[in-house]
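Could you show me around the charged pairs in this protein? I have the structure open in my viewer and would like to know what to select next.

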Amino acid sequence: MSNPDELLVDISAMVESGQSNQMSLTVVAGGAVITGRLAPEAVWRERVSEVLKDSDRLGPFSDVFTARRAEGRADRGEPPTHLHFHLARILQGNVGIPETGGMYRVAIKDVSAWTVGDFSYFDQ
């Protein structure tokens, strides 16, 4: 979308203001279907930083995710520009990748379709 969906911006702002991580959402962005729960940006950044810190090769990148944590968009009175997913999967056929869920950041302006809730696949 060239103009971000105002309702999606409002949902993201509500997640940011409430510091909640319970809002489940499924979006289509760039042809990919991503499903999971939204997290506040600060929480998302901290979790990504923690994961990177534990890596011998990627540890030096962990500080990039926490360096600007104190100066969030909400603190500056700006609307959110990105959705921050955790426990998220990219849906591919009848499976979700990764199986355990990952951390994804999606630009709200790139979302072409969305729905509340997430999709889960189970082997039958």
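Here is a short tour of the salt bridges.

Before you start, note that this is a predicted model, where local features need pLDDT of at least 70, side-chain atom pairs count only at pLDDT 80 or more, and totals for chains, interfaces and linings use all residues. Residues are numbered from 1 along each chain as its sequence is written, and side-chain values use heavy atoms, with hydrogens and water left out.

Side chains of opposite charge can pair when their charged atoms come close. Here, a salt bridge means a side-chain nitrogen of Lys or Arg within 4 Å of a carboxyl oxygen of Asp or Glu. By that rule, the model has 4 salt bridges.

**Stop one.** Select Glu41 and Arg45, whose side chains form a salt bridge at 3.0 Å, N to O. Both sit in helix α2 (residues 41–53), 4 residues apart, about one turn of the helix. Helices are DSSP runs (H or I, at least four residues), numbered from the N terminus.

**Stop two.** Stay in helix α2 and pick Arg47 and Glu50, 3 residues apart. Their salt bridge spans 3.5 Å, N to O. Arg47 is partly exposed at 42%, and Glu50 is partly exposed at 36%.

**Stop three.** Now select Lys109 and Asp110, a salt bridge whose closest N and O atoms are 3.4 Å apart. Lys109 is partly exposed at 43%, as is Asp110 at 38%.

Terms used: Helix = DSSP H or I, 4+ residues; strand = E, 2+ residues; numbered from the N terminus. Buried < 20%, exposed > 50% of the residue type's maximum accessible area, 1.4 Å probe, protein only.
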